[in-house]
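Here is a short briefing on one protein model. Look at the structure first, then read the points below it.

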Amino acid sequence: MPLLSEDFCPISESLLGRLYRSSPEGLTVLVRTVPVGTRALLAYYCSRRAHLEPLGLAIALTCSAEELYDVAGQAGWALFARAQASKPVEVRSTNRRGITLSSGPLRKIPT
């Protein structure tokens, strides 16, 4: 599905508005309702507009590199790389216990 024109938005204005206004969690759910090919086209469309670029990167994270390449060629590869780089880093919890204060008797420090 090639990009038809610079001004062509692959989804309705109302759906684009809902995506733009949604929370990160809501965006993940809502964007999954868009077919994959259209989603890749939408990611490319949004990424080329400054005010929609964060939305485009978030949508691109739901696409494969090949899907983005199919709609935007080399620009699709670049979009995929930018989206991967923008992904929040997961902080893994270690199983170490935090530092606690002793609940035992206090030692007097001789003065």
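Leaving aside neighbours within four places in sequence, Leu42 is in contact (heavy atoms within 4.5 Å) with Cys9, Pro10, Ile11, Leu16, Leu19 and Ile59. The model is predicted: local features need pLDDT of at least 70, side-chain atom pairs count only at pLDDT 80 or more, and totals for chains, interfaces and linings use all residues. Residues are numbered from 1 along each chain as its sequence is written, and side-chain values use heavy atoms, with hydrogens and water left out.

**Core**

- Leu42 is among the residues with the most contacts inside the largest nonpolar core, together with Leu16, Leu19 and Leu55. This core has 26 residues; a nonpolar core is a set of buried Ala, Val, Leu, Ile, Met, Phe, Trp, Tyr and Cys residues joined through side-chain atoms within 4.5 Å.
- H1, H2, H3, H4, H5 and H6 each give two or more residues to the core, and H3 gives the largest share, seven residues.
- Buried residues (under 20% relative accessible area, with a 1.4 Å probe and protein chains only) make up 32% of the 111 residues in the protein.

**Overall build**

- The protein has six helices and zero strands. Helices (H or I, at least four residues) and strands (E, at least two) are DSSP runs, numbered from the N terminus.
- Among contacts between residues at least 6 apart in sequence, 58% join residues at least 24 apart.

**Helices H1 and H2**

- The axes of H1 (residues 13-21) and H2 (residues 24-31) come within 8 Å and cross at roughly 145°. Axes are lines fitted to C-alpha atoms, for helices over the stretch in contact, and angles run from 0 to 180 degrees between N-to-C directions.
- Leu15, Arg18 and Leu19 of H1 meet Leu27, Leu30 and Val31 of H2 in this contact.

**Helix H5**

- Ala65, Leu68, Val71 and Ala72 are buried in H5 (residues 65-72). Seen down the axis of H5, these residues fall within an arc of 135°, so they line one face of the helix; the arc is that of the directions from the helix axis to the C-beta atoms.
- The buried residues of H5 pack against H3 (36-47), H4 (53-60) and H6 (74-86).
- Just after H5, Gly73 takes a positive phi of about 60°.

**Cysteines**

- The structure holds zero disulfides, a disulfide being a pair of cysteine sulfur atoms within 2.5 Å.
- The sulfur of Cys46 is 6.5 Å from the closest cysteine sulfur, in Cys9, which is too far for a bond.
- Cys46 is buried, with a relative accessible area of 0%, and Cys63 is buried at 6%.

Notes:
Buried < 20%, exposed > 50% of the residue type's maximum accessible area, 1.4 Å probe, protein only.
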